Amino acid sequence: MKNFIIMKSSTQAMKARHVAKSMKINAVYTKRTDKNGCHFGLETDYDADRLCRMLSLHGIECVKIIRTGDKK
C-alpha cells in the first residue's frame, strides 16, 4: 500500500525525504495536484503514522496522510 504524506511546503518535503533516507526508509519526493491545488510530500510504503512521528522529532510537520490501495 502506498502512502502519500503531505507537507507544508516543498522545502519541508525535501527535508523529510533526507531524514527518511538517513533512517533507511524508502520515500520519494512527489508533487500531487487536485481540485484544491498543488501539494508536495513523500510517497512511501512505510507506515505513514510512524514516519510522521519520527519527522516531528526533527521539526517537520505532516499536514495530511493519504492512503492509497486500501482494500475495503
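The following dialogue asks how terms are applied to this predicted model.

Author: In this predicted model, local features need pLDDT of at least 70 and side-chain atom pairs count only at pLDDT 80 or more, while totals for chains, interfaces and linings use all residues. Residues are numbered from 1 along each chain as its sequence is written, and side-chain values use heavy atoms, with hydrogens and water left out.

Reader: Why is Thr 30 called buried?

Author: Buried means under 20% relative accessible area, exposed over 50%, and partly exposed in between, with a 1.4 Å probe and protein chains only. Thr 30 has 18% relative accessibility and therefore counts as buried. This residue is found in strand 2; helices (H or I, at least four residues) and strands (E, at least two) are DSSP runs, numbered from the N terminus. Not counting residues up to four places away in sequence, Thr 30 touches Phe 4, His 39, Phe 40, Gly 41, Leu 42 and Glu 43, where contact means heavy atoms within 4.5 Å.

Reader: What makes Lys 24 exposed?

Author: Its relative accessibility is 79%, so Lys 24 counts as exposed. Lys 24 lies in the loop between helix 1 and strand 2. Its phi is near 60 degrees, a positive value in a residue other than glycine. Most residues other than glycine have a negative phi.

Reader: How do you know which span is expected for helix 1 (residues 10-22)?

Author: The expected span is 1.5 Å times one less than the number of residues. Helix 1 has 13 residues and reaches 19 Å from its first C-alpha to its last, close to the 18 Å expected.

Reader: Why are the buried residues of helix 1 placed on the same side?

Author: Those residues are Gln 12, Ala 13, Ala 16, Val 19 and Ala 20. They cover an arc of only 120 degrees around the axis, which puts them on the same side of helix 1; the arc is that of the directions from the helix axis to the C-beta atoms. An α-helix has 3.6 residues a turn, so residues three or four places apart point the same way. On the other side of helix 1, His 18, Lys 21 and Ser 22 are exposed. The buried residues pack against strand 1 (2-7), strand 2 (27-34), strand 3 (37-44) and helix 2 (48-56).

Reader: What makes strand 2 and strand 3 a pair?

Author: Two strands pair if DSSP finds at least two bridges between them. Strand 2 and strand 3 are joined by 8 bridges and run antiparallel. Within strand 3, Thr 44 is the bridge partner of Ala 27. The open sheet has 4 strands in the order 2-3-1-4, with antiparallel pairing. Strand 2 and strand 4 (62-68) are the edge strands, since each pairs on one side only.

Reader: How do you know that Cys 52 and Cys 62 form a disulfide?

Author: A disulfide is a pair of cysteine sulfur atoms within 2.5 Å. The S to S distance between Cys 52 and Cys 62 is 2.4 Å, and a disulfide joins them. The pair links distant parts of the chain, with Cys 52 in helix 2 and Cys 62 in strand 4, 10 residues apart. Both cysteines, Cys 52 and Cys 62, are buried. The angle about the S-S bond is -110 degrees, and the link is left-handed.
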